[in-house]
Amino acid sequence: MSALPRSVTLLSASRLLRIEWDDDSASALPHALLRARCRCAFCTKAARAGAPPEDCSEVALTEAHAMAGTGLNLVFSDGHRRGIYPWAYLRELGALSEAGDVAS
Ligand SMILES: [Zn+2]
């Protein structure tokens, strides 16, 4: 269950982040989902404080930086750039997204 990415592609037109894993599976993650599910300290704190979820539907992913052995640091069009997304978490979100079980 600890697959590593073979390639990461940022698709701007379709607003997806496509990750191909070394076990031959792939995940296609909507940008809005990634932004909504950010787990950085700031977002986690806001959620814990009961802040209503922001509307992320128009937010696009602008940059994805691979952190060696860890995951991705994602930069969004709303200026948010703190989120670190571990590979296992990205894979989890990909499974959610695939199942259509996305309540962002
Ligand atoms: Zn965040």
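**Pairing of β4 with β5.** In this predicted model, strands β4 and β5 (residues 71-76) run antiparallel and are joined by six bridges. Strands are DSSP runs of E, at least two residues long, numbered from the N terminus, and two of them pair if DSSP finds at least two bridges between them.

**The open sheet.** The order of the three strands is β4-β5-β6, with antiparallel pairing. β4 (61-67) and β6 (84-86) are the edge strands, each pairing on one side only. On average, neighbouring strands are turned by 30 degrees against each other, direction ignored; the axes are lines fitted to C-alpha atoms.

**The zinc site.** Cys38 (SG), Cys40 (SG), Cys43 (SG) and His80 (NE2) are the protein donors, 2.1 to 2.4 Å from the zinc ion. Donors are N, O and S atoms within 2.8 Å of the metal (3.2 Å for Na, K and Ca); water is not among the atoms, so sites may look incomplete. The spacing of the donor residues in sequence is C-x1-C-x2-C-x36-H. The site is tetrahedral, with angles of 104 to 115 degrees among the four donor atoms; four donors count as tetrahedral if all angles lie between 85 and 135 degrees.

**Notes.** Residues are numbered from 1 along each chain as its sequence is written, and side-chain values use heavy atoms, with hydrogens and water left out. Local features need pLDDT of at least 70, side-chain atom pairs count only at pLDDT 80 or more, and totals for chains, interfaces and linings use all residues.

Notes:
Four donors count as tetrahedral if all angles lie between 85 and 135 degrees; four count as square planar and six as octahedral if opposite donors are over 155 degrees apart and all others between 65 and 115; anything else is irregular. Helices (H or I, at least four residues) and strands (E, at least two) are DSSP runs, numbered from the N terminus. Axes are lines fitted to C-alpha atoms, for helices over the stretch in contact, and angles run from 0 to 180 degrees between N-to-C directions.
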